[in-house]
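Dear colleague,

Please find below the structure that I am handing over to you, together with its sequence.

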Amino acid sequence: MSESSAASALRHHDLLGIYCNDHLAASTGGVELVSRMLSRHRGTSHEGKLEELLGELREERSALQSSMAALGIPVRQYKQVASWVGEKLSRAKLNGHLLSRSPLSELVEFEFIATAVLAKRAGFETLREIAAVDSRLDAALLDRLIAQADKQHDWLADARREVAAEIFGGDPGPADAAAGT
């Protein structure tokens, strides 16, 4: 499909711009959150996987920017700045401790990033659908990013259960056992 016919097959380019910029802003917040989590988990069993996750999130953010450029979608910097500031402000929320970090903070962070990974996966699935009608997007790359998000979520689900068990007690067990499968 030629670029002009691909562009004509793509509907609601303006809405896609909003959608992609929202996902890019969330990606910026995710990179910031995982960077903060990594600084708190140096020397723990989570350090290596958080480092891997951070590298993958940065790569995915770059892939999203490249996809947006291929589709002629400009990056809205104000959304990037708002996401960065929002992540910094989220650190000030109250969670049972006024002057120190609550153990609950760690659980909330793992839950939040696990949920964000699912949302990111959905964004890549949407772009994958677009790649079926618009050859400007790299379908193979999007397939790889979707699979990568699945792997990330599997690990994060396990890590989240470990953190919950450390805080509240219990046996975290593997994700499939927790789901009854």
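This is a predicted model: local features need pLDDT of at least 70, side-chain atom pairs count only at pLDDT 80 or more; totals for chains, interfaces and linings use all residues.

The chain contains seven helices and zero strands, and its pattern along the sequence is accordingly written α-α-α-α-α-α-α. Of the 181 residues in the chain, 38% are buried. The chain exposes about 9,700 Å², and carbon and sulfur atoms supply 58% of that area. Among contacts with a separation of 6 or more, 74% are between residues 24 or more positions apart.

Helix H2

Helix H2 covers residues 13–40 and includes serine 27; leucine 24 also has its place in this helix. Leucine 24 has a relative accessible area of 0% and is therefore buried, the cut-off being under 20%.

Once neighbours within four places in sequence are left aside, serine 27 is in contact with Leu57 and Arg61. Serine 27 can also be compared in position with valine 117: they are 90 residues apart in sequence, while their C-alpha atoms are 9.4 Å apart in space.

Helix H6

Helix H6 comprises 30 residues, 139–168. At 1.5 Å a residue, the helix should span 44 Å; the end C-alpha atoms are 43 Å apart, which agrees with that expectation. At the start of H6, aspartate 138 places a side-chain oxygen within 3.2 Å of the backbone nitrogen of alanine 140. Just after the helix comes glycine 169, with a positive phi of about 100°.

A nonpolar surface patch

Which residues make the nonpolar surface patch of about 260 Å²? The patch is made by Leu104, Val108 and Phe168. Leucine 104 belongs to helix H5, which runs over residues 103–131. With a relative accessible area of 32%, leucine 104 is partly exposed, because that class lies between the limits of under 20% for buried and over 50% for exposed. Phe168, for its part, falls within the residue range of H6.

With kind regards

Key:
Residues are numbered from 1 along each chain as its sequence is written. Side-chain values use heavy atoms; hydrogens and water are left out. Helices (H or I, at least four residues) and strands (E, at least two) are DSSP runs, numbered from the N terminus. The expected span of a helix is 1.5 Å times one less than its number of residues. A polar contact is a pair of N or O atoms within 3.5 Å; within protein, one must be able to donate a hydrogen and the other to accept it, and residues adjacent in sequence count only if both atoms are side-chain atoms. Patches are made of residues with over 30% relative accessible area and no salt bridge: like charges are joined within 9 Å, nonpolar side chains (Val, Leu, Ile, Met, Phe, Trp, Tyr) within 5 Å. Accessible areas come from the Shrake-Rupley method with a 1.4 Å probe; for residues, only the protein chains shown count as cover. A salt bridge is a side-chain nitrogen of Lys or Arg within 4 Å of a carboxyl oxygen of Asp or Glu. Buried means under 20% relative accessible area, exposed over 50%, partly exposed in between (1.4 Å probe, protein chains only). Contact means heavy atoms within 4.5 Å.
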